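The following note sets out points for the file on this model. They are arranged to be read alongside the coordinates.

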Number of protein chains: 2
Amino acid sequence: MKAKVIVKLKEGVLDPQGQAIQQLLAQRGYSQIADVRVGKLVEFELENVTPIEGEAMLAEIADKLLANPIIESYRIESQ
Amino acid sequence: MKAKVIVKLKEGVLDPQGQAIQQLLAQRGYSQIADVRVGKLVEFELENVTPIEGEAMLAEIADKLLANPIIESYRIESQ
């Protein structure tokens, strides 16, 4: 089973990395880029699990290890 | 216009960050996680561009700044 976890900063949380990219792009003439936000994409290959077990496992992993629940949210997409 | 650029390591390129996550998970008992690969997700908000202009601009930005074409590939998703 393949699945991915997408981790994003919550709305309203400042994204310094995204701001740095946006400023760099503005300096290079890309003034149409109004906002940039950077997230993480983590792709998993799981063995010997049902889709339901796999999703539950990834939710546990995302909660514990991949996302900081204070500032980040995540979603899981099975393939 | 909103769009995202998803940057991934090409197939066959070693992913040390993904391997570190996979090993950490194995140590914690998640032996069903056979492989982990980490990518980047960059979300853009564009102003005063048509969808075609926006996609062309993001392809240029991804080529020049976001992806290393030797080891990474990217795709653009408009929303």
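1. The model is a predicted one. Its six strands make up an open sheet, with antiparallel pairing, in the order β3(A)-β1(A)-β2(A)-β2(B)-β1(B)-β3(B). The edges are β3 (72-78) of chain A and β3 (72-78) of chain B, each of which pairs on one side only. From one strand to the next, the twist averages 25°.

2. Within chain A, strand β1 (residues 2-9) is paired with strand β2 (residues 33-46) in the antiparallel sense, over six bridges. In this pairing A:Lys2 lies opposite A:Glu45 of β2(A).

3. The sheet passes from one chain to the other at β2(A) and β2(B), which are antiparallel and joined by 13 bridges. A:Leu41 is placed opposite B:Gly39 of β2(B).

4. The contact draws 33 residues from chain A and 33 residues from chain B.

5. Between the two chains, chain A and chain B, the count of salt bridges is two. One joins the side chains of B:Lys8 and A:Glu43, at 2.7 Å from N to O. Across the interface of chain A and chain B, 16 residue pairs are in polar contact, with both residues at pLDDT 80 or more.

6. On the side of chain A that touches chain B, two or more residues come from each of β1, α1 (16-27), β2 and α2 (51-66) of chain A. The largest share, 14 residues, belongs to β2(A). By residue class, this side of chain A holds 18 nonpolar, three polar and 12 charged residues.

7. Leaving aside residues up to four places away in sequence, B:Glu43 touches A:Lys8, A:Asp35, A:Val36 and A:Arg37 in chain A, together with B:Ala3 and B:Lys4 in chain B.

Definitions and conventions: Residues numbered from 1 in each chain as written. Chains lettered and ligands numbered in written order. Predicted model: local features only at pLDDT ≥ 70, side-chain atom pairs only at ≥ 80, totals over all residues. Heavy atoms only, no water. Pairing = 2+ DSSP bridges. Helix = DSSP H or I, 4+ residues; strand = E, 2+ residues; numbered from the N terminus. Axes fitted to C-alpha atoms, helices over the stretch in contact; angles between N-to-C directions. Contact = heavy atoms within 4.5 Å. Salt bridge = Lys/Arg side-chain N within 4 Å of Asp/Glu carboxyl O. Polar contact = N/O pair within 3.5 Å; in protein donor to acceptor, adjacent residues only side chain to side chain. Nonpolar A, V, L, I, M, F, W, Y, C, P; charged D, E, K, R; others polar.
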